[in-house]
Structures are given as C-alpha cells and as structure tokens.
Amino acid sequence: SNDNDDDDENESTSTLILSLLSNFLEDENSDIRSVTAEGIGKLLLSGRLLSSKFLSHLLLLWYNPTSEDLPRMRRCLGEFFPLFAFKSPENQQAIADIFIPTLRILLDSPPTSPLTTVNVANVAEFMVHLMNIAFLKDGERVGMPLFGELERIFYPRKIRFILKWPRSCV
C-alpha cells in the first residue's frame, strides 16, 4: 500500500542520512568533523536522534588525542555531555547503555590507534559521573532510585568488565 511505501522511503532516507553523518565524523577535513559532531550533539540533545552509536562515537571523538587541534569541537562536546546526561533519566540510561561498548572499543583498539593513549579509567569515571542522578535537572528525579542503589546494581558488572583488562588501570 501507499503508506508502507512512504514508510520504507522515509526509513531509507533516514538510513542514508545517518550513514552520511557517520562518514562525516570520520572525514579528513577537521571542519566537516567538527560541524558534524556539533550537529549530532544538537540532534541528540533535542531528542530528534536517539543513537547509542553516535553517542559513543562523540565520546570517543572527545577523548581522541587527534581531536586536540579542534578546540571548538572539544568545547562543544565538553558542554554537550553534561547537558545531555542531566536532562533526563532516559539520557542517563543512554550513557549507561554505551558504557561497556565504549570501554571495549578503547580497550580493544589496535596498537596503531591513537585511542590506545586514552586513559580508560578516566573515561569510565566521566561516564559514571554522567549517570549520577543527583545532577538531574530539578523534578527529574521523581521515582528514580537513590544513586547508592543505582551504584549497587551498576558497579559490580562494570568493575568486573574493567578489571578484565589491565591496561584500563593505566
């Protein structure tokens, strides 16, 4: 039917756009990378894009030593993460969802990758900070577990993961 064709076309267009954005994040031109990262951050912050892949990618970009020569992008991402995470419990859950996959990317990066120089423990601490419900905007904590309870549930699994890789403590 016609509605299904429209849905398929919209999905194909969305997939194409997301693929282009992903490619732009890897572009050799630093201006394209910076503008794309900023745009994806704005889409995530506005709730128009829900993507753990892009959220993880932005975090890796921010910590990647090769982005040190991109001060605008780094400043933008540095402002984005707390704004995003502390906006809602759902956004904090999105951070929790990328915790292990993002650390796994860092820990499994090939020796030639600049990501091998990233302090994995620092990244983990930052993500844990972003998941602290004490920093949620006023009124957003209603019905949320106390941070200690979240910590009790969340930490053992994450700590076991981190301790598997000795490099993570460097």
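Leaving aside its neighbours within four places in sequence, which residues is W62 in contact with? They are S67, R74, L77, G78, F81 and F126, where contact means heavy atoms within 4.5 Å. Before going on, please note that this is a predicted model, in which local features need pLDDT of at least 70, side-chain atom pairs count only at pLDDT 80 or more, and totals for chains, interfaces and linings use all residues. Residues are numbered from 1 along each chain as its sequence is written, and side-chain values use heavy atoms, with hydrogens and water left out.

W62 sits in helix α3, residues 52-63 (helices are DSSP runs of H or I, at least four residues, numbered from the N terminus). With a relative accessible area of 18%, W62 counts as buried, a term that means under 20% with a 1.4 Å probe and protein chains only. Its C-alpha atom is 7.9 Å from that of M73, 11 residues apart along the chain.

Buried residues of α5 include I95, F99 and L103.

How far can you trust the picture? The mean pLDDT of the chain is 82, on the predictor's confidence scale from 0 to 100 for each residue. Confidence is highest in α3, at 96, and lowest in helix α7 (residues 147-163), at a mean of 50. Over residues 142-149 the pLDDT is below 50. Where pLDDT is low, the predicted coordinates should not be read in detail.

Definitions and conventions
Helices (H or I, at least four residues) and strands (E, at least two) are DSSP runs, numbered from the N terminus. Buried means under 20% relative accessible area, exposed over 50%, partly exposed in between (1.4 Å probe, protein chains only).
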